[in-house]
Amino acid sequence: MSTIIELGDVKKHYMLGTTKVEALRGVSFQITRGEFTAIAGPSGSGKSTILNMVGCIDNPSSGTIIIGGDDVSGLSDKRLTKYRRSTISFIFQSFNLIPVLNVYENIELPLLLEKGMNEADRKAHVMQLIEEVGLTDRIKNKPNQLSGGQRQRVAIARALVTKPLVVLADEPTANLDSVTGAKILELMEDLNKRQGTTFVFSTHDHTIMDKARRVISIQDGLITSDVSKAGLAV
Amino acid sequence: MRDLFKPAAIRIALRSILRRKVRMLLIGSLVTIGTFLIVFGGTFASSAQSESKKAIVGYFTGDLELYSNRSKEVPSPFSFTTPLPVVEDSRKIEAWLDGNPDVQSFVSIGQNYGLISIEKDGNKLDLPILFYAVDTARYQKTFDNLQVTTGQYFGAEGSATSQGILLSEAQKKAYHDKYGVTLEPGQKVTLLSLTGGGSVNAVPSQVLGYFAPRHYSNVFDYINFMDMRTYSSLFNFTGITSGSLPTSMNDAFAATSDDAIFDLADTAAFDKLDVAALSKEDLTGSTQIAIKLKDSSRAEAFLKDVEAQGFQVKSIPWNKASSFFASVADILQAVIYGATFLIFLIVVFILMNTLIINILERTGEIGTLRAIGADKSFVSAIFLWESILLNLFAAIVGIGLSLLLIASFGSGGVKLPDIVAQYLVGGGALKLVISPVPFLTGVGLVLVVSFLATLYPIRVAVNVSPLKAMSGN
């Protein structure tokens, strides 16, 4: 399996007034294509910071981040935006759908940001994803007309629409009840298995961790364990 | 702004406007008012300007006036007590104007003042009078502005009514209120003047009647009319020109001492005065000549022709000759544009403020857009379109309302209070003439306002980090 994400001694610190806060204190790991990996840890441990770095929406203070063979740690905003458009996708804890767009339009939006796909192909692709996430009867609905679970399904479809190298999910079930959360996780797992999409998600929920095939535990900005489903340290 | 025309940006912008209806309605209303002010106000002001010119040229000054180049002042409807110097060569100028193909009509005017002397209860009473002395037929042909209310207008040359004075109704009232006198049409009066030589001159005359001005009553209520022949007698504008006098006589006028004058008696030609050689004085007492051209746009070329003739005159265009009247419409336009500018300035700040509030409320949404790969230009396009779409829609409503109002006045025009109408367009209703300028100005200004008001908010929006997506929507 090929490595698609590689973090090498990534450190990140913030300044809170005059106080230096070290969010990451030297994190290194690799993700290979097709993984279904959880980054686990308590609140404030640094798991979201890792996702932000991998997702090219935040820069490390030091260290290297290689995505798809390219070092993205020092790229300009424009280049990082392009990476986010073509290589990485997000699923947010709060779903983050565009409120004025309906289900179809929300899912279609990332495709409209990049030229390349003709209208007919785009429509077919979006419709296929809508079908896969089970929202065929909700195409015209706006986010405020959907339940939490339905919104997260839209977010998943939106994340997959550009066929990214990796989908990053920041506590994707945190705002859902346990039943809906489990269904969303099942959907992600199913898509991972059927389409081979790489998923990396942060969580502090043990139920979700149990579903992951690899769990990278982090505490106080340092990796404390990195365990695969088989129980072997990676 | 490579993403400016991306349909997705326009769609998000349009729906975001609809999502915030009340706030956007407030801004839209202000833009509508501003556009209405520009379009209706601009149409009103430009119509007032063109109607004002038409009225001033048509009833007041003509396209231009010629006046003596010895004059230190310019002709004005108010310069009675210090009349301008008379125009020299006025007969020659009149003859030249008569044959000029550019000239539609003209009239020489002697602007002056004097007294009407009458007897009341056995006592002499002198009534002050400001007047235009005119070639009465030419005046009527050039400025058909006098509506005779009592008595009659000046008769044809040689008739019993060709000479006299025609008084304004306002003058009649003023004499009645101040002196308890009402001059009747046909009444014989004596006119008195202070001649250039300092002596008082008196000529018998008659009151022909009264008139009411059709336009610019605020000027012509105070001006009365006199025929040119009576005026010439009253001010001694008859005689011979110094140029046609014998040389010896002119020498005598120029002599510097008594001896020099007596020495002239010894010259051979001194006692020979050839009466036939004397020409009539080429001086009518006109202080200005008002000229209407067939084509106003030819005024400049016409003035070059005047200059080429070597007449001893200067010229003044209609808008200067009418004193401040021509500038009333300009002032109105300036006030309208000033008010509009203020409204739009307020709109810029309110719009800017509202857009910033929108952005602060939507940092999660902007962060999400950035996180899923939207460039800064895409975010800019959304907010620019929000501003443009809202303001254009409001502008269209403003234009529509303006057109409705303009149409509602119809061909009759806007009926203004008389005092306003007199100053603005010389009286009567103001006909509104639709011109594209106010419409284009309105739309152009709205686009500029949209752009200006969006500059800073866009700067704020594009600087929203994609990290904001992580903090929720």
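Two residues are in contact if their C-beta atoms, placed from the backbone, lie within 7 Å. Keep that in mind, and let's walk through the structure. This is a predicted model, where local features need pLDDT of at least 70 and side-chain atom pairs count only at pLDDT 80 or more, while totals for chains, interfaces and linings use all residues. Residues are numbered from 1 along each chain as its sequence is written, and chains are lettered from A and ligands numbered from 1 in the order in which they are written.

**Helix pairs in chain B**

Helices (H or I, at least four residues) and strands (E, at least two) are DSSP runs, numbered from the N terminus. Two packed helices are described by the angle between their axes and the distance between the axes. The axes are lines fitted to C-alpha atoms, for helices over the stretch in contact, and the angles run from 0 to 180 degrees between N-to-C directions. Here are two pairs:

| Helix pair | Axes come within | Crossing angle |
|---|---|---|
| H1(B) (residues 7-19) and H14(B) (residues 376-409) | 8 Å | roughly 50 degrees |
| H2(B) (residues 21-59) and H16(B) (residues 436-462) | 8 Å | roughly 155 degrees |

Which way do H2(B) and H16(B) cross, left-handed or right-handed? H2(B) passes H16(B) in a right-handed crossing, and the crossing of H1(B) and H14(B) is right-handed. (A crossing is right-handed if the near helix is turned clockwise from the far one by less than a right angle, and left-handed if anticlockwise.)

So who touches whom? On the H2(B) side you'll find Val31(B), Thr35(B) and Gly42(B), among others, meeting residues of H16(B) that include Pro438(B), Phe439(B) and Leu445(B). That contact splits into eight nonpolar, six polar and no charged residues. For the classes, Ala, Val, Leu, Ile, Met, Phe, Trp, Tyr, Cys and Pro count as nonpolar, Asp, Glu, Lys and Arg as charged, and the others, Gly among them, as polar.

In the other pair, H1(B) brings residues including Ile10(B), Leu14(B) and Ile17(B), while H14(B) brings Phe378(B), Trp385(B) and Glu386(B), among others. By class, the contact of H1(B) with H14(B) has twelve nonpolar, one polar and one charged residues.

**Where the chains meet**

Chain B and chain A each put 21 residues into their contact. On the chain B side, H1 and helix H13 (363-371) each supply at least two residues. H1(B) gives the largest share, five residues. The chain B side divides into ten nonpolar, six polar and five charged residues.

**Sheets in chain A**

Two strands pair if DSSP finds at least two bridges between them. One open sheet of chain A has four strands in the order S2-S1-S4-S5, with antiparallel pairing. Strands S2 (19-32) and S5 (70-71) stand at the edges with a single partner strand each, so one side of each is left without a neighbour in the sheet. Two bridges join S4(A) (residues 62-67) to S5(A), and Ile66(A) stands opposite Asp71(A).

Another open sheet has six strands in the order S6-S7-S8-S3-S9-S10 of chain A, and its pairing is mixed. Its neighbouring strands are turned by 20 degrees against each other on average, direction ignored. S9(A) (residues 214-219) pairs with S10(A) in the antiparallel sense over six bridges, with Ser225(A) in S10(A) as the bridge partner of Ser217(A).

**How confident is the prediction?**

The model scores ipTM 0.94 and pTM 0.74. The mean pLDDT (the predictor's confidence in each residue, from 0 to 100) of chain B is 87, and 89% of its residues reach 70 or more. Within chain B, confidence is lowest in helix H8 (residues 247-254), at a mean of 58, and highest in strand S5 (residues 165-168), at 97. Where pLDDT is low, the predicted coordinates should not be read in detail.
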